[in-house]
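Please open the structure in a viewer and display it as a cartoon.

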Amino acid sequence: SKQQAQLMEVLKKEVRAMLIAAKAGLTPEQLEEQYMAMVCKPLPLCDLGFQSTLEMVTQMPEVVQICSSKNGALILKAIADDSTKGIARLVANQKVKPRKTSKKTATKANSTFPTKNSKYPQSFQALSAGTPVLPAMVKAELQDLLSSSPLLLADLDKAFLRRFGRAFQYKQYGFLSMFEVLRSMSDSIAVQQTKAGSLLVLRKYLTSQIKQQEVPQTSTAEMPSLEPTCETKSCHQAAALTDSEPVQTPAVDLGDHLKQHQGLEQFPPTPEIPPDAVQDRSLCSLPPLKSRCLVGVIVEFVVSPSQFYIHVCSTEASYKLQDLMFEMRHVYSHKVASDKYIMPESAVRPGQLCCVMVSKWWYRVIIHRVINDQEVEVFYADYGHLQIVQKSWLRFLKWHYLKLPAQAIPCSLAWVKPVEGTWSSAAILLFKHLCRFKELVGVVDEYVDGVLYLFLCDTSTKEDVYFHSVLRDMGYADVCGENIPSQEFEELNPSALYVQPSGKQENAEVVEPELRLQQESRDADSETATLKLNGAEL
């Protein structure tokens, strides 16, 4: 039918785009996985009357070449057409090993900024773009895996699968071997050679072990409680009483006792909101980047070439975000602390800054809308995407976690617009492939309504690949020489709604409530000050 023919033509473009981006080709199974990951639905085999992926590609002789590998496995490779020959040539020239270049991630172009009719300066190559990069989440997972004890390299795959429920597939991030992964994390993970094999150890624990050898160990009984409460204080006070001062035992209300056993409804008192819980504050954004400067970036989340979010590649920034995630996991994983920051129904409202637990990790989020009694939609301020989560997963954000600016920067590709008025699924798929798990070079053009317009370039090939040129050559975009306001961001820009511009936060120098209480109680007696700090008196 006509509808099936149209679907087949779209599918051919999508399959060609995926296979062109894979230099070594894909197996039929890998093609299915790639399609599912990028389009968020399986290949439409049934809709087109195919029984298998292999049967489908045999009906695309002008798009797919079926080859055989050395071990006999079938490999699917793209057949470039007139509009994609240039891209295929660039992918074929891609280097196997990432080239060693300068590690600077924020330098200014020494040559003149390009105009409509000029090419971009070759100073792009001064940045260490194109080098495979592990996502911040995966780095945090590896560090968490080693936080309990060192691990043999031979046992890493099994331990990762057992802890996180999935295999550690480093090749999908652009790495050729596990040793390349460890080399990229050499600042946080050390490899020690033992008789049993290579042992992976967190560097910070190597340092702490040296310090522990110098400082006497403290017994567990002498360790202070992480969450001091009024009950523990009462126990210490009771222990200090003499025999001549008997402790008064409060009378038990037998009526309440009987009600509990009779199953009558008991309404618990509304929990008090901790003094260090964020209630009416917003995160601030990162300082704006200077026009015409070059920065290393990682694309974290893509809706289209006109709406995506990036992280600026900075060792300091990435460490701060990782440290924040580790600290939040450590604090909120304790049930006492987690229960303390449970949000009452009145606090679950649009615009409320809080945190949410997903797969045992805690993220800073802003409530975008309330779906129903059990669910809300939240915006991830550090990653840029929206997601529906359970209300029970939410907690108040501690004031201390407000200091780090929101790390996700809303962006749009500069100087391009879609040919058909809106971006086609094939164009979005290609853009996602170009961005995926790579450190890229960004050229800052300008900010429009809080959205960063920039050019993206992949310098991991012999010839630099400019994304706007690729989209134009594929027939998906027109290069217009000016920035067209992003239709997607005009419809919804959560960052503009919920994140304050840098320097315009209500109180730039954030002072935690606990510190203010300390300052106010300097002249008070120590007992009253202690009660104030524990939130017993406000």
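The stops below go from the whole chain to a helix pair and then to a sheet.

This is a predicted model, in which local features need pLDDT of at least 70, side-chain atom pairs count only at pLDDT 80 or more, and totals for chains, interfaces and linings use all residues. Residues are numbered from 1 along each chain as its sequence is written, and side-chain values use heavy atoms, without hydrogens and water.

Of its 538 residues, 43% are buried, that is, under 20% relative accessible area with a 1.4 Å probe, protein chains only.

Next, select residues 2–21 (helix 1) and 425–435 (helix 14), whose axes come within 9 Å and cross at roughly 10 degrees. Axes are lines fitted to C-alpha atoms, for helices over the stretch in contact, with angles from 0 to 180 degrees between N-to-C directions. The two helices are therefore roughly parallel (under 35 degrees). Show side chains at the contact (heavy atoms within 4.5 Å): helix 1 contributes Val10, Lys13, Glu14, Ala17, Met18 and Ala21, and helix 14 contributes Ser425, Ala426, Leu429, Leu430 and His433.

Move to the open sheet of 3 strands, ordered 4-6-5 with antiparallel pairing (strands pair if DSSP finds at least two bridges between them). Strand 4 (151–152) and strand 5 (189–194) are its edges. Strand 6 (residues 197–202) pairs with strand 4 over 2 bridges; select leucine 151 and its bridge partner, leucine 200.

Notes. Helices (H or I, at least four residues) and strands (E, at least two) are DSSP runs, numbered from the N terminus. Angles under 35 degrees count as roughly parallel, over 145 as roughly antiparallel, 65 to 115 as roughly perpendicular and the rest as oblique. Buried means under 20% relative accessible area, exposed over 50%, partly exposed in between (1.4 Å probe, protein chains only).
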